[in-house]
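Please look over the model below before reading my comments. They go helix by helix, then turn to the loops.

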Amino acid sequence: MIDLEKREEVIALYDIYSELLTEKQKMYFEEYYYCDMTLQEIASEHDISRNAVFDQIKKTVSICEKYEDSLHNLKNLKLLNQALELDSLDEVKKIIKGIIKE
């Protein structure tokens, strides 16, 4: 997966699971991914080390990925969007049945 695709997936996971994170995790993630701040800028802003910021962001992404591994919300959302684009009712039913079985 190229960097841009990975970035988009990480942001999509965050959008789904952000309410399950701490305020500090949300703050660092948003400053890095949404405000496009560097690790050093975030570290200086919060008077912590660059490595601490890196670790927090990495941990936040890992937490979101673990939630997705268990709950499959992003995967199911993608499948539902795919189903909406189909013309065949049988294909739509097949996708929905696949989601329900999980």
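The points below concern a predicted model.

1. Start with the pair α1 and α5. Helix α1 covers residues 3–17 and helix α5 covers residues 73–84. Their axes come within 10 Å and cross at roughly 105°. Angles of 65 to 115 degrees count as roughly perpendicular, so α1 is roughly perpendicular to α5.

2. Which residues make this contact? From α1 come Glu-9, Ala-12, Leu-13, Ile-16 and Tyr-17. From α5 come Asn-73, Leu-74 and Lys-78. By type, the residues of the contact of α1 with α5 are five nonpolar, one polar and two charged.

3. Next, the length of α5. The helix has 12 residues, which at 1.5 Å a residue should span 16 Å. The end C-alpha atoms of α5 are 16 Å apart, so expectation and model agree.

4. Which residues of α5 are buried? They include Leu-74, Asn-76 and Ala-83. The cover over the buried residues of α5 includes α1, α4 (50–71) and α6.

5. How are the buried residues of α6 arranged? Val-92, Ile-95 and Ile-99 are the buried ones. They cover an arc of only 65° around the axis, so they sit on the same side of α6. The general rule is that an α-helix has 3.6 residues a turn, so residues three or four places apart point the same way. The buried residues of α6 pack against α5.

6. The other side of α6 is a separate matter. There, Leu-89, Asp-90, Lys-94, Lys-97, Ile-100 and Lys-101 are exposed. Note that this list includes Leu-89 and Ile-100 along with Asp-90 and the lysines.

7. Asp-47 has a positive phi of about 55° and is not a glycine. Asp-47 lies in the loop between α3 and α4. Its relative accessible area is 72%. The cut-off for exposed is over 50%, so Asp-47 is exposed.

8. His-72 is the other case. Its phi is positive, about 60°, although His-72 is not a glycine. The residue lies in the loop between α4 and α5. Is His-72 buried, partly exposed or exposed? Its relative accessibility is 26%, so His-72 counts as partly exposed.

9. Last, the loop between α1 and α2, where Glu-19 lies. Glu-19 has 66% relative accessibility and therefore counts as exposed. How far is Glu-19 from Ile-96? In sequence, the two are 77 residues apart. In space, they are 26 Å apart, C-alpha to C-alpha.

Key. Residues are numbered from 1 along each chain as its sequence is written. This is a predicted model: local features need pLDDT of at least 70, side-chain atom pairs count only at pLDDT 80 or more; totals for chains, interfaces and linings use all residues. Side-chain values use heavy atoms; hydrogens and water are left out. Axes are lines fitted to C-alpha atoms, for helices over the stretch in contact, and angles run from 0 to 180 degrees between N-to-C directions. Helices (H or I, at least four residues) and strands (E, at least two) are DSSP runs, numbered from the N terminus. Angles under 35 degrees count as roughly parallel, over 145 as roughly antiparallel, 65 to 115 as roughly perpendicular and the rest as oblique. Contact means heavy atoms within 4.5 Å. Ala, Val, Leu, Ile, Met, Phe, Trp, Tyr, Cys and Pro count as nonpolar, Asp, Glu, Lys and Arg as charged, and the others, Gly among them, as polar. Buried means under 20% relative accessible area, exposed over 50%, partly exposed in between (1.4 Å probe, protein chains only). The arc is that of the directions from the helix axis to the C-beta atoms. The expected span of a helix is 1.5 Å times one less than its number of residues.
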